[in-house]
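Welcome, and thanks for taking a look at this one with us. Below is a short tour, arranged by topic, to read alongside the sequence and the structure.

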Amino acid sequence: MNIALLAKRGSQVLSLPLYPGELVLGRSKEADLILPEDWTFLSALHLTLKINSDDTILVRDGVAGKKSTNGTQLNRCYIRTDCWTDFNPGDELQIGSQLRNAVQITVLAKDNTTINSSTCSQWQW
């Protein structure tokens, strides 16, 4: 199965392939999954994803026990730093409380399908 993280802010949509392990998402070059520096609601090291070998995904706010600045919402509910939360295809993470400036993140899972820019442009938010 191919899985990718789709991140959107305004009209800009990015696709980031996911692979097994713990991955840090943020604006810093130290992050495993790097998003643009001008996405300022996103901390330098904002959240941690755990991708299991069976393609299940867990998420938690912050990195190494340190909370992110703006928090992370999963399906409109804030998630915690101290425990993992299931993150399933179709769920939505939101960073930032004002929707027009927020960073929105979802997982796209496609069996035997290449994930590319046209796939991203078809995603409905």
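Arg76 is exposed, with a relative accessible area of 51%. This residue forms a salt bridge with Glu92, and the closest N and O atoms of the two are 4.0 Å apart. Because Arg76 lies in the loop between S7 and strand S8 (77–78) while Glu92 lies in strand S10, the pair ties together parts that are 16 residues apart in sequence. Please keep in mind that this is a predicted model.

**The overall plan**

- The protein has eleven strands and one helix.
- Along the sequence, the elements follow the pattern β-β-β-β-β-β-β-β-β-β-β-α.
- Of its 125 residues, 44% count as buried.
- The accessible surface of the protein is about 6,800 Å², and carbon and sulfur atoms make up 46% of that area.
- Among contacts with a separation of 6 or more, 42% are between residues 24 or more positions apart.

**Salt bridges**

- How many salt bridges does the structure hold? There are two, and the pair of Arg76 and Glu92 described above is one of them.
- Asp82 forms a salt bridge with Arg80, where the closest N and O atoms are 2.6 Å apart.
- Asp82 counts as exposed, because its relative accessibility is 57%.

- Glu92, the salt-bridge partner of Arg76, is buried on one side of S10 together with Gln94.
- Strand S7 (residues 73–74) pairs with S10 in the antiparallel sense, over two bridges.
- Within that pairing, Leu74 has Leu93 as its bridge partner in S10.

**The open sheet**

- An open sheet of five strands, with mixed pairing, has the order S4-S3-S5-S6-S9.
- Which strands stand at the edges? They are strand S4 (33–34) and strand S9 (85–86); each has a single partner strand, so one side of each is left without a neighbour in the sheet.
- S3 and S5 run antiparallel and are joined by five bridges.
- Glu22 has Lys50 as its bridge partner in S5.

**The S1–S2 hairpin**

- S1 and strand S2 (residues 12–17) pair in the antiparallel sense over six bridges, and Ala4 stands opposite Pro17 in S2.
- The two strands form a hairpin with two residues between them.
- Gly10, in the turn, has a positive phi of about 60 degrees.

**The nonpolar core**

- In soluble globular proteins, nonpolar side chains tend to be buried together.
- Here the largest nonpolar core has 24 residues, and the members that touch the most others are Leu5, Leu18, Leu49, Phe87 and Ile105.
- Strand S1 (2–9), strand S3 (21–26), strand S5 (47–51), strand S6 (57–61), strand S10 (92–95) and S11 each supply at least two residues of this core.

- *Val103* lies in strand S11 (residues 103–110). Is Val103 buried or exposed? With 0% relative accessibility, Val103 counts as buried.
- Beyond its neighbours within four places in sequence, Val103 is in contact with Lys8, Arg9, Trp39, Leu93, Gln94 and Ile95.
- Val103 and Val13 are 90 residues apart in sequence, and their C-alpha atoms are 9.8 Å apart in space.
- *Thr48* sits in strand S5 and is buried, with a relative accessible area of 3%.
- A polar atom of the Thr48 side chain lies 2.9 Å from the backbone oxygen of Gly62.
- Leaving out residues up to four places away in sequence, Thr48 touches residues including Glu22, Leu58, Arg60, Gly62 and Trp84.
- *Asp61* is found in strand S6 and counts as buried, with 3% relative accessibility.
- The side chains of Asp61 and Ser68 are joined by a polar contact of 2.6 Å.
- Residues up to four places away aside, Asp61 touches His46, Lys67, Ser68 and Thr81, among others.
- Asp61 and Gln73 are twelve residues apart along the chain, and their C-alpha atoms are separated by 8.7 Å.

Key:
Residues numbered from 1 in each chain as written. Predicted model: local features only at pLDDT ≥ 70, side-chain atom pairs only at ≥ 80, totals over all residues. Heavy atoms only, no water. Helix = DSSP H or I, 4+ residues; strand = E, 2+ residues; numbered from the N terminus. Buried < 20%, exposed > 50% of the residue type's maximum accessible area, 1.4 Å probe, protein only. Contact = heavy atoms within 4.5 Å. Core = buried A, V, L, I, M, F, W, Y, C linked by side-chain atoms within 4.5 Å. Areas by Shrake-Rupley, 256 points an atom, 1.4 Å probe, with all protein chains shown as cover. Pairing = 2+ DSSP bridges. Polar contact = N/O pair within 3.5 Å; in protein donor to acceptor, adjacent residues only side chain to side chain. Salt bridge = Lys/Arg side-chain N within 4 Å of Asp/Glu carboxyl O.
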